[in-house]
Amino acid sequence: MKVLITQKVMLRWIKLESKLTSVFYPSGYKCLICGCEIDGGNFEFCKKCFKTLPTIYGKTCVKCGEPIFSDSELCLFCKKEMPSFTKCFAPYTFSPPITNLIYRLKYNGEKFVAKTLSNLLLKFFMEQNVNVDIVIPVPLHLKRESERKFNQSELLAQSFKEHGFNIDVTCVVRTKNTTTQTALSKQLRKQNMEEAFKVLVKSKVKNKNVLLIDDVYTTGATFNSLSNTLKKCGAKNVYGLSLAHTKMEDIV
């Protein structure tokens, strides 16, 4: 009798376990863009949507990564005022559907999106053949991070940490609670970011090749300000890596 009861209990448990597994660990994944079911993988997009990602092809500015269509090595912005950073990279333009994914992460709090974006960013960076000693996600001011509950740049760096990069989120802080950059012109963005950062542990960046990670490159004001601060503390080279690069014609 006890054996029969045990078998019934086990059968019920197996059925329940199967239901729970299908809920919490689905056999398929859903495309982050269109929502259709796909096979699992690092890049959670269906083939159709993956092709819509606004990948940057062709020649780019050797300093900021802006796509250019001339014989020049520099874009108009960098010609006018050379940035302090060594070089910046971005795999995509700031266009849909990348813009939608970034907004979902930053403003809707959909942190699960960050893993896929981080994997895309890591794959792109590994193709650049740049050696760095330390990776620093661009810090948020404590007040801004407290309101948002997370720093999107730190989330975009998670795949780098998993692959053995030296990630540091404590040696640099944002001392100035800058206003949102969205509606500001290039000049106002620059003024907004002046003296916005402070290096707390100079030994961590002195004579080091530093990689900064952020979500979007617009005018380069954030990367440039942080690069100036790091170089004053002895950083050898400062590279900027962002998921998306805003098109020049879209900047006020």
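A polar contact is a pair of N or O atoms within 3.5 Å. The views below come from a predicted model.

**View 1. Arg174 and the backbone of Pro139.**
R174 lies in strand β6, which spans residues 172–174. A polar atom of the R174 side chain sits 2.9 Å from the backbone oxygen of P139. R174 is buried, yet has no salt bridge. The nearest side chain of opposite charge belongs to D214, 6.2 Å away. A salt bridge needs a side-chain nitrogen of Lys or Arg within 4 Å of a carboxyl oxygen of Asp or Glu.

The structure holds zero disulfides. C64 is in no disulfide, and the nearest cysteine sulfur is that of C75, 3.6 Å away. A disulfide requires two cysteine sulfur atoms within 2.5 Å. C64 counts as buried because its relative accessibility is 3%.

**View 2. Cys171 and its closest cysteine sulfur.**
For C171, the closest cysteine sulfur is in C233. The two sulfurs are 9.3 Å apart, which is too far for a bond. C171 has 1% relative accessibility, so C171 counts as buried.

**View 3. The whole protein, for orientation.**
The protein has ten helices and nine strands. Of its 252 residues, 47% are buried. Take the contacts between residues at least 6 apart in sequence: 70% of them join residues at least 24 apart. The accessible surface comes to about 14,400 Å². Carbon and sulfur atoms account for 55% of that surface.

Note on methods. Residues numbered from 1 in each chain as written. Predicted model: local features only at pLDDT ≥ 70, side-chain atom pairs only at ≥ 80, totals over all residues. Heavy atoms only, no water. Helix = DSSP H or I, 4+ residues; strand = E, 2+ residues; numbered from the N terminus. Buried < 20%, exposed > 50% of the residue type's maximum accessible area, 1.4 Å probe, protein only. Contact = heavy atoms within 4.5 Å. Areas by Shrake-Rupley, 256 points an atom, 1.4 Å probe, with all protein chains shown as cover. Lys, Arg positive; Asp, Glu negative; His and termini not counted. Polar contact = N/O pair within 3.5 Å; in protein donor to acceptor, adjacent residues only side chain to side chain.
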